[in-house]
Every structure is written in C-alpha cells, then in structure tokens.
Amino acid sequence: MRSACIPANASQPFTFPINSTDPNAQYYFYMHFAEIQVLEANQSREFNIYINQTFMAGPYSPTNLSAETFYSTSAFGAGLISLVRTANSTLPPILNAIELYTVKEFLRLQTVDTEVDAILNIKSMYGLKKNWQGDPCTPQDFLWEGLNCTYDDSSSARIVSLNLSSSGLTGGIPLYIQNLTRLEYLDLSNNSLTGPVPDFLSRLQSLTLLNLNDNSLNGSVPAELVERSRNGLALSVEGNSNLCAKASCVKKKKKNTVIPVVASVVSVAFLVTVVAILWRIRKRKSLGMNE
C-alpha cells in the first residue's frame, strides 16, 4: 500500500480488461486505495468506478496514508473495470492494489450441515489456529487440514477422519464429535486433554481407530470401547497415567455401587431385631408388675 499505479496518460481513464476463454465465467474484485502523495492546495484527486460501463461507486477521493477498500457485491462477467477521473480532479485516478477472484462451481455436494457445525464448534472450543475456511470437504483439492472425507455423487460429503494430534488441545473431549457419525479414524494424541473418556465414543459405529495416547485423561475407558478393542477397534490410550483401560476397572466400579445398598439392608435388619428384643423385655416387665 506504500506504492500505487496511475494511468500512463493522465487524461485518460485507468482501465483493467478482464478476459476469459470461458464465456460463463463470473468474477468478484477488491480494490484498495490510499493517497501516497502530499497534495498541494490547488491539487485534487477524484474519480468514479465503473464495471463494464456500469457505475459502481464515486466520486471518490483517497485518504492520505490510510487504506480503504471497494469490492463488488455481486458477480460480473468478463469485460472492463474503469477508474474515470471527474471534471473537478486535477490528478489522475490512483490504485494501490487489486484482487480478482473467479467463481468456481462445486461439482460435488457440500458437507452435511450437522458435520460442518460440529467441526466448527470443535475449532471454536479449542481455539484452533488452522486455516479452516469454506466447506470442510469440498472442493476436494482444498480439503481441510487434518480431515479426510468420503464422496458420493448422489449425496453430501461426509467426514470420516479427524486428526488433531499435537494440536495443543486442552480440556475435555468435546461432545460435538458424536455428530461426526461416519467417523472411522480419530486421533487426539499428544495433547493435554483432561477428564474421562466419554461413553459416546463407543456409539460411533464406523470407528476403527481411536488414538488418545499421551494426554491427561482419567477414570476408566468405557466397557463398550474395551470390548470393541477385542473385536477390531485399534484403541490406544498409553501415556495417560490416571486412566485404566482394563475390564477389571469397570467390574470394581460396579461392586462399589452394591456395598452401600447391602450395608443399608443389614443396618435396617439389625435395628428391627433390637426393637423387637426391647419390646419383648418391656412386655415381660409389664406382666410381672401386673402379677
């Protein structure tokens, strides 16, 4: 923005031809302006902006050393962008930078809405500094980093793999993951995740790999996940010192829930017995006094 262009002929419009071999091509543009000259009292720079001879904005005078941007709000076809000097201007139009974008048609259906919401919520929850913009899965050449998707010409793209290993994650494993119902591969290893391993992970029926290594998770791994790990699920939980992945952890937990119930039943039975004995003693005394 510290440099700029002016037309070779100061009395002529500043024009930019947009040529395309595709007659159906559509474009958007961003133009950036800043006055970089110190204008004299008798000098002025003012111009209008046209797209294919259709007025877009103006009259406009750039602000000294302060960038301003004009952009098209709707797509337009190939043709001509023109900056036309007004009758009151003593100086030609100026342009510091221009960006031109072409509209690309998606040949595939975009990602399922619930999965888009889920992945964006995960990004927000962890404050991920990833360049995740647009649609997660389409176009396929611009697939989001850490994701993999499956495609079907007749239905929307689905997220099947999420790799957030070594991403600086903190806090718990997010409930949003349960909305990625086609997930086959989930790698959350080498982060600082805390809390338990949630039960909903065992309900991801397509999951074939779950890597939770090297976090700070605690408690016990859900019994369903332990069982699935014996039937094909690649489950990795090493490096979580307070996490137990053995079936015995689940059994021990179940026994502990029975003890208070048994203890309370014994206490009630003991209390009833004591009351009965005291009642009988009192009754005998009462009979003796009557005699």
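Student: Which kind of contact do the side chains of E115 and R158 meet in?
Tutor: They meet in a salt bridge, with 2.8 Å from N to O; the term stands for a side-chain nitrogen of Lys or Arg within 4 Å of a carboxyl oxygen of Asp or Glu. This is a predicted model, in which local features need pLDDT of at least 70 and side-chain atom pairs count only at pLDDT 80 or more, while totals for chains, interfaces and linings use all residues. Residues are numbered from 1 along each chain as its sequence is written, and side-chain values use heavy atoms, with hydrogens and water left out.

Student: OK, and which parts does the pair of E115 and R158 tie together?
Tutor: E115 lies in helix α1 (residues 113–126) and R158 in strand β9 (residues 155–163), so the contact ties together parts that are 43 residues apart in sequence. Helices (H or I, at least four residues) and strands (E, at least two) are DSSP runs, numbered from the N terminus.

Student: Are E115 and R158 buried or exposed?
Tutor: Both E115 and R158 are buried, where buried means under 20% relative accessible area, exposed means over 50%, and partly exposed lies in between, using a 1.4 Å probe and protein chains only.

Student: How many salt bridges does the structure hold?
Tutor: It holds 4 salt bridges, and among them is the one between E145 and K130, at 3.7 Å from N to O. E145 and K130 are both in the loop between α1 and β8 (147–152), 15 residues apart; E145 is exposed at 54% relative accessible area, whereas K130 counts as buried at 18%.

Student: What does R230 form with E227?
Tutor: R230 forms a salt bridge with E227, the closest N and O atoms being 3.2 Å apart; R230 counts as exposed at 54% relative accessibility, and E227 as partly exposed at 40%.

Student: Switching to disulfides, which residue is joined to C137?
Tutor: C137 is joined to C149, with 2.0 Å from S to S, a disulfide being a pair of cysteine sulfur atoms within 2.5 Å. The link is left-handed, with -70° about the S-S bond. C137 lies in the loop between α1 and β8 and C149 in strand β8, so the pair ties together parts that are 12 residues apart in sequence.

Student: And what order do the strands of the open sheet have?
Tutor: The open sheet of 4 strands has the order β10-β12-β14-β16, with parallel pairing; two strands pair if DSSP finds at least two bridges between them. β10 (170–171) and β16 (242–244) stand at the edges, each with a single partner strand, so one side of each is left without a neighbour in the sheet.
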